[in-house]
Amino acid sequence: QVQLVESGGGLVQPGGSLRLSCAASGSIFSINVMGWYRRAPGKQRELVAFITTSGNTNYADSVKGRFTISRDNAKNTVYLQMNSLKPEDTAVYYCNAQIRPYSDWNVGSYWGQGTQVTVSS
């Protein structure tokens, strides 16, 4: 059984910072791309950033220069450092990882439970 557990969300004032973490656990053979998505009230889920096993990254235009994604392959963990937060960053943030479990030859897409980030004064 593979699961992703997120932490680090909360309430922050505009201009503030938060760091999200997402740890994958279970019977994991390998992890490929890891990423963060978000869903704001009344909007569709959107990709925020992703990172490959080798460390290549990609960001949504709306967060470039403010957010940084990183990963610790030894800990099966991905992070999202969010700086200069804006009210429009308010959303539920979801972690996603492409994982091959020991029990399956196929790579599956796994999701965390989501963590709320609220940017408000």
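## The nonpolar core

A nonpolar core is a set of buried Ala, Val, Leu, Ile, Met, Phe, Trp, Tyr and Cys residues joined through side-chain atoms within 4.5 Å. The model described here is predicted. Its largest nonpolar core has 31 residues. Within that core, Trp36, Leu80, Met82 and Tyr93 touch the most other members.

The top contributor is β9, with five residues. In soluble globular proteins, nonpolar side chains tend to be buried together.

## Contacts of Tyr93

Tyr93 is one of the core residues that touch the most other members. Which residues is Tyr93 in contact with, leaving aside neighbours within four places in sequence? The list includes Trp36, Leu80 and Met82. Tyr93 also contacts Leu20, Tyr37, Val48, Phe67 and Val117. Glu6, Arg38, Gly114 and Thr115 complete the set.

## The disulfide

The structure holds one disulfide. Cys22 is joined to Cys95, with an S to S distance of 2.1 Å. Cys22 lies in strand β3 and Cys95 in strand β9, so the bond ties together parts that are 73 residues apart in sequence.

What is the handedness of this disulfide? The torsion about the S-S bond is about -80 degrees, so the disulfide is left-handed.

Are the two cysteines buried or exposed? Buried means under 20% relative accessible area. Cys22 has 0% relative accessibility, so Cys22 counts as buried. Cys95 is also buried, because its relative accessible area is 0%.

Definitions and conventions. Residues numbered from 1 in each chain as written. Predicted model: local features only at pLDDT ≥ 70, side-chain atom pairs only at ≥ 80, totals over all residues. Heavy atoms only, no water. Buried < 20%, exposed > 50% of the residue type's maximum accessible area, 1.4 Å probe, protein only. Helix = DSSP H or I, 4+ residues; strand = E, 2+ residues; numbered from the N terminus. Contact = heavy atoms within 4.5 Å. Disulfide = S-S within 2.5 Å.
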